[in-house]
Each structure stands twice: as C-alpha cells, then as structure tokens.
Amino acid sequence: MSTHGEQRRLTAPDIRARKGGEPIVALTSYHAHTARLLDKHCDVILVGDSLGMVMHGLETTLPVTLDMMILQGRAVMRGSQHALVVVDMPFGSYEASKEQAFMSAARVLKETGCGAIKVEGGRRMAETIAFLVERGVPVMAHVGLTPQAINSLGGFRAQGRDPADWGPFEEDARAVAAAGAFSVVLEAMAEPLAARLTREIAISAACDGQILVLEDMLGLSARVPKFVKRYTDLGPSIDKAVADYAREVRSRAFPTAEHVYPLKKTV
Ligand code: KIV
C-alpha cells in the first residue's frame, strides 16, 4: 500500500481515462536501466516481445517464450516506479484457449508485478479478452500489423492503405473495445484509418498517444519502419567509445592510476 507523499504508479484505468485527453507517451523497455531512464517521461512502458528481435537478434518474435517475458518484465518493474508496465504475451502462450490465456497472464502478473498484459489479435481474441478482464487482468489489445501473425501476413507491411480493406480492422477494434480492453495498439496502420478508429472506439488507441521501440528511436536498430522517427543516433557514439576503449587497452593507456585501487595507507 502506498504511503502519503509517495508517487503512485499509473494504472490501466488511469490510461483508459486519458481517452481524448493529453496524449499517452509509451515506449518499450526490456531492462532495469532503460526503464529507469524512461520512467520519468513515459506513461506506459511496454515490455514488448520485440525483445526477441531487438535483444536476441531473432528474425521474428515467434520464438519468444513466457519465461523470457517474465524475466525482462521483472527487470523493468525494478527499474520503474511511475509508469504503467505492460508485458506482452508471447506467441503460443494465450491463443489456444481463454483458460490458457488466463494461466499465462496470471503467471505474468504474479511473477513480475506488472499492471497489465498485451495480446495481439482483434475479433478472434475478443472472447479471451473478456474472460481475462472479468478475472481482474487488464488487457491492452493490438491490431493492424500483428508481428506474431507474420507467417500469415507475409511480411512486416503497413495495413489498411486501401479504404476498401478497412472493414475487418474496424470490426477488430470495436470487438476488443467491447470486450473490455483498456487500450489498443494500432501498429503500422494507414493514418486515416487509425484516426477513424481512434474517433470511433471508446478506449485509448494509438492516436490518443504513441508507442515506439526504444532502440529504434535511439538509432540502435539497423532498419526501422516508416512510422519510426530516430530522435538520436547512438550507434556511432557507442562504436567510437568501444573503439577508443579497445585502442587504450591494447596500448596500455587504460587503466591509469585514477582507475586502480591502491593499498590501504596502514598496510
Ligand atoms: O513488441 C513490441 O515492441 C510491440 C510494440 C511495437 C507495440 O508490440
């Protein structure tokens, strides 16, 4: 229980209540140290299953496991105090049945202490979302480009660029909102469709805020989608720092007296 004067961590209902208000700031984090840096600026920190591609160099998010998500979810919770931490449910941990989804979500909430989970899928996940929400699991939904369905989608492509294709996306967004999701990520969706869905559904959607993968906006990812703005380019700075270190170690210029421990004066 929080004591007087402590800053309270944001909750799913707080984010839900931001619909139409101040835009929601969200970024991904997978570690305690980046979570600490993000926490004072972000409303939501997502422990995305993109960690499989970003941290582990996998081609897709499909091999990511529940244990991987829980390990990094715990790290992000340790590093943050203010933001709502949402942990992604990885492929294969929730689709088989609503009971499977509940068991996996319960592990995530118990073992990380996070405030919500995220699942990919629209209408096909609506019954599961309702089941989870009724049992006290706040759910962020995710429609549009759903990377866990990459083998069916055929590639990481923008969605809904032809208005003739909008029907299923609208049905998906309405279904997850009606099922009780507190928010929905609209990934890589044509802007007019995303704007329309944000207007139409009562829960917070992408256009009530923005979410990016941290490493993408820091310039650490080799290739980024069009929707990413690189706010800095840390890659060359890290490269230079590591090259300087390697050169100094090889030439014995590092360490110097200021970096080593002398003996105690009494010895
Ligand atoms: O896994 C992830 O990082 C995500 C965001 C891109 C929304 O799902």
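This is a predicted model: local features need pLDDT of at least 70, side-chain atom pairs count only at pLDDT 80 or more; totals for chains, interfaces and linings use all residues.

Where is the place of R252? R252 is in the segment after α11.

1. Overall make-up. The chain has 267 residues, and buried residues make up 48% of them. Eleven helices and seven strands are assigned. Taken along the principal axes, the C-alpha atoms fill a box of roughly 75 × 45 × 35 Å.

2. R252 has a positive phi, near 60°, and is a residue other than glycine. At 75% relative accessibility, R252 counts as exposed, because the cut-off for that class is over 50%. P255 is also placed in the segment after α11, and the peptide bond that leads from F254 to P255 is cis, with omega near 0°.

3. A188 is not a glycine, yet its phi is positive, at about 50°. This residue lies in the loop between β6 (183-187) and α9 (191-200). A188 is buried, with a relative accessible area of 15%, whereas R252 is exposed.

4. Cysteines. The structure holds zero disulfides. C42 is in no disulfide, and the nearest cysteine sulfur, that of C114, is 16 Å away. C114 likewise takes part in no disulfide, its nearest cysteine sulfur being that of C42 at 16 Å. Because a disulfide requires two cysteine sulfur atoms within 2.5 Å, this separation rules out a bond between the two in the model. C42 counts as buried at 1% relative accessibility, and C114 counts as buried at 7%.

5. A search of the whole structure finds 17 salt bridges. In one of them, the side chains of D208 and K19 meet at 2.9 Å, N to O. D208 is in the loop between α9 and β7, and K19 is in the loop between α1 (12-16) and β1, so the pair links parts of the chain that are 189 residues apart. D208 is buried, with a relative accessible area of 8%, while K19 is partly exposed at 23%.

6. A bridge between two helices. The side chains of D172 and R123 form a salt bridge of 2.8 Å, N to O. D172 lies in helix α8 (residues 166-179) and R123 in helix α6 (residues 123-134), so the pair ties together parts that are 49 residues apart in sequence. D172 counts as buried at 13% relative accessibility, and R123 is partly exposed at 41%.

7. D244 forms a salt bridge with K240, the closest N and O atoms being 2.6 Å apart. The two residues are four apart in helix α11, so they are separated by about one helical turn. D244 is partly exposed, with a relative accessible area of 22%, and K240 counts as exposed at 53%. Elsewhere, a network of salt bridges links E170, R174, R196 and E200.

8. Nonpolar surface. Which residues form a nonpolar patch on the surface? The patch consists of L220, L234, I238 and V242, which together have about 300 Å² of accessible area. L234 is found in helix α11 (residues 234-250) and is partly exposed, with a relative accessible area of 30%.

9. The second largest pocket. This pocket has a volume of about 210 Å³. It is lined by 14 residues, and the closest to its centre are A26, Q210, I211, L212 and Y231. The elements that give two or more residues to the lining are β1 (24-28) and β7 (209-212).

10. Two strand residues. I24 is in strand β1 and counts as buried at 9% relative accessibility. V85, in strand β3 (residues 84-88), is buried, with a relative accessible area of 0%. The C-alpha atoms of V85 and K226, 141 residues apart along the chain, are separated by 26 Å.

Notes
Residues are numbered from 1 along each chain as its sequence is written. Side-chain values use heavy atoms; hydrogens and water are left out. Buried means under 20% relative accessible area, exposed over 50%, partly exposed in between (1.4 Å probe, protein chains only). Patches are made of residues with over 30% relative accessible area and no salt bridge: like charges are joined within 9 Å, nonpolar side chains (Val, Leu, Ile, Met, Phe, Trp, Tyr) within 5 Å. Accessible areas come from the Shrake-Rupley method with a 1.4 Å probe; for residues, only the protein chains shown count as cover. A salt bridge is a side-chain nitrogen of Lys or Arg within 4 Å of a carboxyl oxygen of Asp or Glu. On a 1 Å grid over the protein atoms alone, a cavity is a set of points where a 1.4 Å probe fits but cannot get out, and a pocket is an open set with protein on both sides within 12 Å along at least five of seven lines; lining residues have an atom within 4 Å of a point. Grid points are joined across faces, edges and corners, and a volume is the space filled by probe spheres set on the points.
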